[in-house]
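Dear colleague,

Please find the structure below, followed by a short account of what was found in it.

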Amino acid sequence: MPKRRKVWMYCPPRPKKPKVPDSVKAGVSLKAQRLIDEHLRPEHVKPPAKKPQFNYITDLFTKWYQSYFYFCATYACPHPDALSPIFEIRFARMGYQEGNTINLAYMRNNGKWNEIFFAFALDECLDAIREDPHFFP
């Protein structure tokens with residue numbers, strides 16, 4: 001079997017992510033909180049059963065990290081042998097792009113983000129999070 005030779009190749013630097021203006025952050029946060037309060041929380045946050053056996057959602061919230069906006073859920077673990085009584089997961093990610101467009105991704109079961117909507121407006125992204133089953137917590 002022939003030996004493989006190592007070869008140096010040029011790798012251009014990744015383009016920098018655009019900085020999100022504060023006015024955009026405030027508008028996105030406000031509309032996302034309204035979506036959570038009016039649609040997602042009533043649908044997904046239910047009181048626990050009398051003797052819960054499985055994890056259940058206790059709260060939904062959002063947060064910014066760099067140029068990404070995350071929708072998160074807090075779960076409670078009722079089992080006495082659970083590693084932690086609560087844990088948080090991120091189930092949807094909106095990535096800000098130049099020109100006030102947003103890429104929308106969901107968290108797959110293997111822990112990687114899968115972007116399925118590209119260059120959407122904010123209202124289109126929020127509608128997709130509300131209606132598309134990929135974005136359920």
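Two strands are said to pair if DSSP finds at least two bridges between them; strands (E, at least two residues) and helices (H or I, at least four) are DSSP runs, numbered from the N terminus. The model is predicted: local features need pLDDT of at least 70, side-chain atom pairs count only at pLDDT 80 or more, and totals for chains, interfaces and linings use all residues. Residues are numbered from 1 along each chain as its sequence is written, and side-chain values use heavy atoms, with hydrogens and water left out.

**The sheet.** Five strands form an open, antiparallel sheet in the order E1-E2-E3-E4-E5. Its edge strands, each pairing on one side only, are E1 and E5 (113–120). Strand E3 (residues 86–97) is joined to strand E4 (residues 101–107) by six bridges in the antiparallel sense, and Ala92 stands opposite Tyr106 in E4.

**Aromatic pairs.** Rings of Phe, Tyr and Trp (its six-membered ring) pair if their centres lie within 6.5 Å; planes under 30 degrees apart count as stacked, over 60 as edge-to-face and the rest as tilted. The structure holds nine such pairs. Phe71 and Phe91 form a tilted one, with 6.3 Å centre to centre and 50° between the planes. Phe71 lies in strand E2 and Phe91 in strand E3, 20 residues apart. Phe71 is buried (under 20% relative accessible area, where over 50% is exposed and in between partly exposed; 1.4 Å probe, protein chains only), at 0%. Phe91 is also buried, at 5%.

Yours sincerely
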